[in-house]
Amino acid sequence: MLATRISESAVRSKASKRLWRLVKYRENSKWYAQYGPYALVGERNVSRHAGLDLSEASGFLDSIPI
C-alpha cells in the first residue's frame with residue numbers, strides 16, 4: 001500500500017473553505033506541548049481541535065460538509 005503525502009497548503013485550503021484556520025506550533029513554542037503540532041481554529045480564534053498531525057487534520061476536515 002502506498003502512503004499518500006498530504007501537503008500543508010492543501011489542508012490549509014480545506015480549512016479555509018470551512019472558515020477555519022490550520023495553525024502550526026513549533027517544537028520550541030510554549031504552546032506545542034498543549035496544542036501541537038497542528039490545531040484547527042474556528043471563528044474568533046477558538047481552538048476546535050488540537051494535537052493533530054496533517055493527516056488527522058485532513059481526515060477531520062473531509063468529514064465535515066462544506
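Visitor: Does E8 count as buried, exposed or partly exposed?
Guide: This is a predicted model, in which local features need pLDDT of at least 70 and side-chain atom pairs count only at pLDDT 80 or more, while totals for chains, interfaces and linings use all residues. Residues are numbered from 1 along each chain as its sequence is written, and side-chain values use heavy atoms, with hydrogens and water left out. Buried means under 20% relative accessible area and exposed over 50%, with partly exposed in between (1.4 Å probe, protein chains only). With a relative accessibility of 24%, E8 is therefore partly exposed.

Visitor: Which residue forms a salt bridge with E8?
Guide: A salt bridge here is a side-chain nitrogen of Lys or Arg within 4 Å of a carboxyl oxygen of Asp or Glu, and a search of the whole structure finds two of them. In the one that involves E8, the closest N and O atoms are 2.6 Å apart, and the two residues both lie in helix 1 (residues 8–17), four residues apart, or about one turn of the helix; helices (H or I, at least four residues) and strands (E, at least two) are DSSP runs numbered from the N terminus.

Visitor: At what angle do helix 1 and helix 3 pack?
Guide: Axes are lines fitted to C-alpha atoms, for helices over the stretch in contact (heavy atoms within 4.5 Å), and angles run from 0 to 180 degrees between N-to-C directions. The contact is made by E8, V11, K14 and A15 of helix 1 together with L54, A57, S58, L61 and D62 of helix 3. With the axes of helix 1 and helix 3 10 Å apart, the packing angle is about 30 degrees.

Visitor: Which strands are the edge strands of the sheet?
Guide: Two strands pair if DSSP finds at least two bridges between them, and the three strands form an open sheet with the order 1-2-3 and antiparallel pairing. Strand 2 (residues 38–41) has four bridges to strand 1 (residues 21–24) and four to strand 3 (residues 47–52). The edge strands, each pairing on one side only, are strand 1 and strand 3.

Visitor: Which residue of strand 3 is the bridge partner of L40?
Guide: L40 points one way from strand 2 along with Y38, whereas A39 and V41 point the other way, and all are buried. In strand 3, the bridge partner of L40 is H49.

Visitor: Which residue in the turn between strand 2 and strand 3 has a positive phi?
Guide: Strand 2 and strand 3 pair in the antiparallel sense and form a hairpin with five residues between them. In that turn, the residue with a positive phi, of about 60 degrees, is R44.

Visitor: At what angle does helix 3 run to strand 3?
Guide: Helix 1 lies across strand 1 and strand 2 and runs at about 140 degrees to strand 1. Helix 3 lies across strand 1, strand 2 and strand 3, and its angle to strand 3 is about 145 degrees.
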